Structure formats: C-alpha cells, structure tokens
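Reader: I would like to learn how to read a structure such as this one. Please take me through a few features in turn.

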Amino acid sequence: MKRTVTLLALAGMALAGGPAALADTVVRIGFAGPLTGPVAHLGKDEQFGAQLALDDANAKGVTLGGQKVRFELMADDDQADPRTATTVAQRLVDAGVKGVVGHVTSGAAIPASRIYEQAGIPSVTPSATSPKLTRQGYRTTYRVIANDLQQGTAMARFAVEVLKAQRIAVIDDRTAYGQGLADALVDSLKQRGIAPVGREFTNDKATDFSAILTKIKAARPDAIFYGGMDAQGAPMLKQMKQLGIAAKYLSGDGVCTSEMIKLAGAAMSGDVYCTQAGIPMDKMPAGKAFNERFTKRFNVPVQLYAPYSYDAANALIEAMKLANSAEPAHYLPQLQKVGFKGVTGNIAFDRYGDSRDGGVALYQFSAGKWDVRP
Amino acid sequence: METLLQQTVNGLVVGSVYALIALGYTMVYGILGLINFAHGDVLMVGALVALEAIRLIQLHAPELGLVPTLLAGLAVAVVVCMILGYTIERTAYRRLRNAPRLAPLITAIGVSFLLQTLAMIVWGRNYHTFPQLVSTTPVEPIAGVFITPVQIVILVVSAVLMIGLVLLVNKTRLGRAMRATAENHRVASLMGVDTNKIIAATFVIGSALAAVAGVMYSSNYGIAHYAMGFMPGLKAFTAAVLGGIGNLAGAMLGGIVLGLVESIGAGYIEDMSFGFLNSSYQDIFAFLILGIVLIFRPTGLLGERVADRA
C-alpha cells in the first residue's frame, strides 16, 4: 500500500514537470504563420505578440473551473503556403491545442480554417484580411483586423465627414477585391443618404480610362473612388489630370503602395487618399507602451502586426475566462460575447467573426510618400 | 455636347493607335493570309526597348533635350523591332509557308508567348514607368475639350504614317511588288519578283509601325509592361477585321471606328440601354458592332478584295 502511494507521488511529480507548475493545468495555444521564407519576419513578429499575451496571462494567473492554468504557445511554420498551412493546422489539432492564433496570410488562413472548423477549434487571425475568410459559414473562424470590406466603409465615412464630399463617383475593376471594396463604399454611402453620381467599371488589364472618366466628369464629382490595384490606379489618376478633372482621388490598399507613387509620378498630389487595414502602432491606444514591453522582452522592435496578434491571443483567453473552461466546445460560443480594450482598440466580433471595430488607417499623399492621417 | 466632343477626341486618339497596329495585321494577312498574333508583342518589345534606350541616354547624355531623347529611343526601338520582325518571319513563318493554314496560326500564338516570356525574364513582372518626354499637361481647352500635346502628336504621327504607307504601297516599286505578291505570289515570283524579300519587307515595315505605336502608347499612358501588347493587339486585330482584313484603308477605318465605338459606347451605353447595361459591357458593345457589321458585310467595311481569300 505504502509503495503504491510513493509511486503515485513520483508519477505526479514527473508529469507536472517544473516545480512552479506543480498544481497548474497546461493549456496549449497554437500559433501558425510563416517562420521561414520572405515574410518570415512578419510571422515571427506575430508569434512574439501571441507569446507576450500568454506570458502576461500566466504572470497574472488565470483560474478556469477552479483549476489554475498555465498557457503554453505551440508555434508552427506554415511558410505562408496554402498546402503547408493545412498540414500545420492538422498537426496543431493533433497536438491538442485549445485554440489557434493565426494564420498570418489570407492564402494560408482560408484552407487552414476548414481543418479547425472540422476539429471545432477556434482560430483568430491577426492579419489575414480577405473577406472570404469569414464568409465560409464557419463557427470557429475569427479575426481581429479589419477586412477589405471595412476599408470601403471607412473611406465612405472619411469622404463624407472629413472631405465633405457629396458628389462621389465610383469605379471598380470587376475583380472580387475591387468590386467588394467599391460595393462596400457604395453601401455605406447609401446609409448616409448619398447616391454615387457615377458608377463605372473597367477591368484589371485596362490602361485607357478616358471614356469612363469623361462620363464621370460630366457629373461634376467632388471625389472619385477606385476599387482596384495600383497598375490601373496610376494611369487612371494621370488621365484624370489630362481630362482636367479636379476631383479628389480615393482608393483602398491595392493603391496604397510605393509602386503607385512611382507609376503615377507627377500626378500624385495631396488630393490622393488611400486606406489600409490595420492601424499603425503609434496611433493605437496602448501602442507605445506595448512596443516598449515587446522590445524589452524579445530584443527586437515590433515589425507590424504583433499588437494584433497579442489581441488575438487575448480574445481566446477572454472567451475561456467567460466560459470558465479551456475546452473549445465550451468557450467557442463565448467568443461572440468577448468585449475588451486591447492594444489595437476595442476587441469584439460580429456574427461572421469579423472585428466590429476593425481599425482602418487612412493615408494621404504628401511630400513623396503616404502619410497616415490622425 | 461638350462630353460628346470629348468622347470623340478620346476615341480618335485610341482609335488612331489601333489603326496603326491594325495596319501590321492587315499587311501580313493581305500577303500571306496569316494572322500574325505576335504583332501585339512586337509593340510591347518596341515600348520596352525604347524605355531602356531612353534610360541609357538620360544616364549618359542628360544634356540631350527631351524630344531628341525620345526620337533616339524611338529609333532604337524601330530598328530592334525591324530586326525582330525579320527574324520572326525568317525562323518561324517561312518554313511553314506551304503548310496547312492552322500550323502558322498556332506558331504565331507560340511566338507571342515566347516574346512575352522573354520580356518577362528581361524586364521582370513589374510595371515600369515610361518617361513622358512629350508633355501630358492638357493644352488650353477648346470648346471645353481637353487634349494633351502627346495626344496631338499621336494623331499627327498616325496620320502621317498611314498616308506614307498608302503612298508606299501604291506609288513605289516595292509597293507594286507587294501588291503583286498579295494577289498571287507564285505568279509574282514567275514575273521576277523576289517574293521572299517582299514578304520579309512586309514584316519589317509592320514591325516598325508596331514599334512606333508602342512608344506612342507608352508615352500616352506612362506605363510599360511585359504583357502590355495583348490588349491593344487584340483590339487592333478586331479593328482589322472590322475594316476588312487585308485592306489597308479598311484597317485605318476599322481602327478609328473601333476607338470611337468604344469611347462613345462606354460613355452612353447606360443612357442608351435605359440603365440596363453599364460600362462593364463596353467591350461587348464593341464586339456587338463587329458582329452586326460582319452579318451585313461579311468581309468587313471595306473588304471586297478578300472575299475570294476567306
């Protein structure tokens, strides 16, 4: 009898590992993103962001179902590749993670989301912005950053409230991206009681826009919005100037590039605006303090989306706290009710799993570069 | 009214570039019965070579003025494209001259892919900024119509080249030989015409026109890219068919008509269809006109002569 007790005690100590973790239950959170390859710096950045969130929760101490828990991050490399992403997702599921922060890119997040859905494990992406990701009807797919559609909404608000534009013409390139962006803008304008003065279309191989621009010119617009990419956006802006159109030029992140500045050259002016999903760190409520803590902990500055990754991990932890359980089946419904002040802003989700308050940054062209507007 | 005039000017500018490219298609078709699908890509090579030449000139001889730099770049592009046109004819098409008609057609598509891929390897996938050496700032608007100096240059150069080509074909010895070869190259060769030389000359002239069109196209839009030849090539081919392929005047008319139809179509399709159609149908509109013309005139607007060829 005595021998059995000793054995049990020994076994218990062996299982528990370190002395600090004696009484703790370990909850594993997965992280998936490119840790090798050309965008590896962004993947590592997000991994650190998630790590910091778990460290903070462990330091504070979280108790779920009367049991003190310790969070552990299990990071895996999806190489930003759709096929590798599904392998990684399966590996994380098999390892028994309770939730996933990731993936980093839309191309990887979309195929991986199906595997998490089948396993019933929630995943929160810090940086994949494709609207398609959250429109697959999955219960387990969430994101903390604005999607591409929310850019259209943000631009509509800016055009009407800040630029005081009333007569807005809209052009898109009929791609899923361009059309989605333009439709979101038009919807948002309609909610403000504004109908676009022109709605024209082109394609993603076109170079001549003089016919549609001439038509729009006759409607005397204050602003022209283009949903599409820089390779069309630049010649379009040039042709606006050639036709003597003085309207402001608005666009989404497809045009918010250094390539646009190069291609449009002298046609760029302070009248050119664009949006990008995700707000820059110095505009985040707790951005500065976060960057300091992050740099101190990992000896590297924040690259880009680490704050979003931090908030994504915290969204999972908050839902677990609400459910008082780390079991995916129990805390998944609670993700819908999560609401807290994160580093990047308010974190709460709509019925699709998209961020309610998805941050969109607005840029204005100024002195040779895109300048973020407050 | 102002808008209609502006759309007409837009259409004329676009249409005259189409016309210039269409001439290359139609000349080759008239003589060989071959649709040279690589023609649009010769235009692309012309634009990118000119871009490279202009960059070099600006680097090593910046004191050269804007217009001389452009002309020098253009000259380099024209020479390179002439050599390219000759090489394509000599290596890809000549051996297939007596093969079934499908073989040279497929070869033409192959040459098109080859040129695009080579250009992608040399110049990369990125869009390049084409230096706009002729001003793109609109001149003082006339009756509310805006036109830029580069567009005026395009209209004038296209007109001059088209007239020049017509004179060449109708008034010179080379032109007579070309017409003879087009009519019947076996008989022409029996009459002492070196048909191989004439066919090569046709490709060389067509490629030179494509190079000019490419440089003008890029100067107008300020952009150059390895796949830029595809769309204008396709449109110019349509223009050639619309005007009556094989007929020089038809290519010019077809180009101008297509430019105008596109421009005015895109501008008014919504009003004309009572809001049922919009500008995403602008290409359909152009092809609808083509279809209607071909139903009533199967050989195109001016295409009597090709009736026995088709």
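Reader: How many Å separate the centres of domain 1 of chain A and domain 2 of chain A?

Author: The centres, taken over C-alpha atoms, are 37 Å apart. This is a predicted model, in which local features need pLDDT of at least 70 and side-chain atom pairs count only at pLDDT 80 or more, while totals for chains, interfaces and linings use all residues. Residues are numbered from 1 along each chain as its sequence is written, and chains are lettered from A and ligands numbered from 1 in the order in which they are written.

Reader: Which residues belong to domain 1 and domain 2 of chain A?

Author: Domain 1 covers 2-146 + 283-358 and domain 2 covers 149-277; such bounds come from an automatic or database domain assignment. Five residues from each of the two domains form their contact, where two residues are in contact if their C-beta atoms, placed from the backbone, lie within 7 Å.

Reader: How do I read a sheet, and what is the strand order in chain A?

Author: Strands of a sheet pair through backbone hydrogen bonds, either parallel or antiparallel. Here an open sheet of seven strands in chain A has the order 8-7-9-10-11-14-15, with mixed pairing. Strands (E, at least two residues) and helices (H or I, at least four) are DSSP runs, numbered from the N terminus, and two strands pair if DSSP finds at least two bridges between them. Strand 8 and strand 15 (369-372) of chain A are the edge strands, each pairing on one side only.

Reader: How many bridges join strand 7 of chain A to strand 8 of chain A?

Author: Four, and the two strands run parallel. Phe201(A) in strand 8 of chain A is the bridge partner of Asp172(A). Helix 7 of chain A lies across strands 7, 8 and 9 of chain A, at about 180° to strand 8 of chain A.

Reader: How is a pair of packed helices described?

Author: Two packed helices are described by the angle between their axes and the distance between the axes. In chain B, helix 6 (residues 173-183) and helix 8 (residues 195-221) pack at about 105°, with axes 10 Å apart. Axes are lines fitted to C-alpha atoms, for helices over the stretch in contact, and angles run from 0 to 180 degrees between N-to-C directions. Helix 6 of chain B is therefore roughly perpendicular to helix 8 of chain B, a term for angles of 65 to 115 degrees.

Reader: How many residues does each chain give to the contact of chain A with chain B?

Author: Chain A gives 23 residues and chain B gives 23 residues. On the side of chain A that touches chain B, helix 7 of chain A gives the most, with six residues.

Definitions and conventions
Angles under 35 degrees count as roughly parallel, over 145 as roughly antiparallel, 65 to 115 as roughly perpendicular and the rest as oblique.
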